[in-house]
Amino acid sequence: MKLKSEEKFAFLQLSQYVANLDGEYGPKEREIVEEYCTEMGIENIEIDLKYFVLEDTLAIFRSSQSQRIILLALMVLVHVDDKFGINENRVIDKIAQHFNLTEQEINLFSMWGKMGSALYEQALVFTAV
């Protein structure tokens, strides 16, 4: 909810892009993206990835706070399916470089993403009927 309107839609596009990097936009990733849309109060509209330009999208996130919010959220997304592949890793590194984050910060964000995705999975189990 701390993102500006333009940033929310850019984050949705970025999330879908990252979720598709491993070639499979699976159910767990879809659930996470849907949760993000609910949190942001926007509709989950699927984008056409052939028109997506990473650098243009990243330029929308100007504040350090917005950049950190989206990277933390993306870390949950890349870890939720337990397939943090080479393509996802490369794009996360590219995003981190664009945002001038250190390797140590990225490692901390990644650990947080692993824990966040594990807690999300546990919550689903606890709330299943």
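User: What counts as a salt bridge?

Analyst: A salt bridge is a side-chain nitrogen of Lys or Arg within 4 Å of a carboxyl oxygen of Asp or Glu. Side chains of opposite charge can pair when their charged atoms come close. In this structure, Arg-30 forms such a bridge with Glu-46, with the closest N and O atoms 2.5 Å apart. This is a predicted model, in which local features need pLDDT of at least 70 and side-chain atom pairs count only at pLDDT 80 or more, while totals for chains, interfaces and linings use all residues. Residues are numbered from 1 along each chain as its sequence is written, and side-chain values use heavy atoms, leaving out hydrogens and water.

User: Where do Arg-30 and Glu-46 lie?

Analyst: Helices are DSSP runs (H or I, at least four residues) numbered from the N terminus. Arg-30 lies in helix H2 and Glu-46 in the loop between H2 and H3, so the pair ties together parts that are 16 residues apart in sequence.

User: How many salt bridges does the structure hold?

Analyst: The structure holds six. Among them is the one between Glu-121 and Lys-28, at 3.8 Å from N to O. Glu-121 belongs to helix H6 (residues 103-127) and Lys-28 to helix H2, so this pair ties together parts that are 93 residues apart in sequence. Asp-48 and Lys-50 also meet in a salt bridge, at 4.0 Å from N to O.

User: Is Lys-50 buried or exposed?

Analyst: Buried means under 20% relative accessible area, exposed over 50%, and partly exposed in between (1.4 Å probe, protein chains only). Lys-50 is exposed, at 64%. Arg-30 is partly exposed at 35%, and Glu-46 is partly exposed at 49%.

User: How many aromatic pairs are there?

Analyst: Rings of Phe, Tyr and Trp (its six-membered ring) pair if their centres lie within 6.5 Å; planes under 30 degrees apart count as stacked, over 60 as edge-to-face and the rest as tilted. By this rule there are two aromatic pairs. Phe-11 and Tyr-36 have ring centres 5.4 Å apart and planes at 50°, so their pair is tilted. Phe-11 lies in helix H1 (residues 5-19) and Tyr-36 in helix H2 (residues 27-40), so the pair ties together parts that are 25 residues apart in sequence. Both residues, Phe-11 and Tyr-36, are buried.

User: Which residues form the stacked pair?

Analyst: Tyr-17 and Phe-52 form it, 4.4 Å centre to centre with 25° between the planes. Phe-52 is buried, with a relative accessible area of 13%.

Terms used. Helix = DSSP H or I, 4+ residues; strand = E, 2+ residues; numbered from the N terminus.
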